[in-house]
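The following questions and answers concern one structure. Each answer sets a value against a definition and then draws a conclusion.

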Amino acid sequence: MEHTFIAIKPDGVQRGLEFKLVGIKVVVPSKDFVQKHYHDLKERPFFNASCDFLSSGPVIAMVWEGEGVIRYGRKLIGATDPQKSEPGTIRGDLAVVVGRNIIHGSDGPATAKDEINLWFKPQKLVSYTNNAEKWIYGDN
Ligand code: GTP
Ligand code: MG
């Protein structure tokens, strides 16, 4: 099968958008691993099904950085149940049922910290300055 290599070049990265991508990988997580990811749901009736699903194939895992990125991410993703997600959100536009809702986003700072630690070794995250940051955030 054909493959292609795509890279965003430094100018594209620097011109960026609001948020910065600082980590990305493609992985098929084990069931054991996703049980850790979803540990807060272990008493819920859908825990096992959610773990089976999340470990059923390749996942694209990313870490994004920026002020308010957790809340913004959740807004962009939409409500847990796609039937209740607003149009214009990823789940609202692209998913149909709650058990197949396409995308995950950390629900708060503590969860984000835990999830990033679980999915990424710190040395795999890249720290860099985006030249547009002064225009995005101002001087303070
Ligand atoms: P994530 O971003 O995936 O963590 O979703 P969430 O934060 O919007 O919801 P939550 O953490 O409460 O649930 C985790 C996942 O379990 C959801 O994304 C759903 O796939 C699944 N889930 C949540 N509630 C239900 C439910 O009532 N029924 C079923 N079948 N699955 C559910
Ligand atoms: Mg969640």
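Helices (H or I, at least four residues) and strands (E, at least two) are DSSP runs, numbered from the N terminus. This is a predicted model, in which local features need pLDDT of at least 70, side-chain atom pairs count only at pLDDT 80 or more, and totals for chains, interfaces and linings use all residues. Residues are numbered from 1 along each chain as its sequence is written, while chains are lettered from A and ligands numbered from 1 in the order in which they are written.

Q: What makes up the secondary structure of the protein chain, and in what order do the elements run?
A: The protein chain has 7 helices and 2 strands. Read from the N terminus, the order is α-β-α-α-β-α-α-α-α. The C-alpha trace spans about 50 × 35 × 35 Å along its principal axes.

Q: How confident is the predictor in the protein chain?
A: Confidence is expressed as pLDDT, the predictor's confidence in each residue, from 0 to 100. The mean pLDDT of the protein chain is 92, and 99% of its residues reach 70 or more. Helix H1 (residues 10-15) has the lowest confidence, at a mean of 81, and H2 the highest, at 98. For the complex, the predictor gives an ipTM of 0.95 and a pTM of 0.92.

Q: Why is asparagine 101 called buried?
A: A residue is buried if 20 or more other C-beta atoms lie within 10 Å of its own, exposed if 12 or fewer, and partly exposed in between; C-beta atoms are placed from the backbone. Asparagine 101 has 21 C-beta neighbours inside 10 Å, and therefore counts as buried. Of the 140 residues of the protein chain, 8% count as buried. Asparagine 101 lies in the loop between H5 and helix H6 (109-119).

Q: Why is threonine 80 called partly exposed?
A: Threonine 80 has 13 C-beta neighbours inside 10 Å, so it counts as partly exposed. Its place is in the loop between helix H4 (69-77) and helix H5 (90-94).

Q: How do you know what threonine 80 is in contact with?
A: Two residues are in contact if their C-beta atoms, placed from the backbone, lie within 7 Å. With neighbours within four places in sequence left aside, threonine 80 is in contact with Val98 and Asn101. In the protein chain, among contacts between residues at least 6 apart in sequence, 55% join residues at least 24 apart.

Q: Which residues does UniProt list for "binding site", and why do they not all gather at one spot?
A: The unreviewed UniProt entry lists Lys9, Phe46, Arg74, Thr80, Arg91 and Asn101. They span 93 residues in sequence, and the farthest two C-alpha atoms are 41.6 Å apart, so they do not all gather at one spot. UniProt positions are given in the numbering used here, feature names are shortened, and annotations may be inferred rather than shown by experiment.

Q: Is histidine 104 buried or partly exposed, and why?
A: Histidine 104 has 14 other C-beta atoms within 10 Å, and is therefore partly exposed. Its place is in the loop between H5 and H6. The "active site" annotation of the unreviewed UniProt entry covers His104.

Q: Why is leucine 41 called partly exposed?
A: Leucine 41 has 14 C-beta neighbours inside 10 Å, so it counts as partly exposed. Leucine 41 is found in the loop between helix H2 (31-37) and helix H3 (47-54). Apart from neighbours within four places in sequence, leucine 41 is in contact with Phe47 and Ser50.

Q: Why is tyrosine 128 called exposed?
A: Tyrosine 128 has 11 C-beta neighbours inside 10 Å, and therefore counts as exposed. Its place is in the loop between H6 and helix H7 (133-137).
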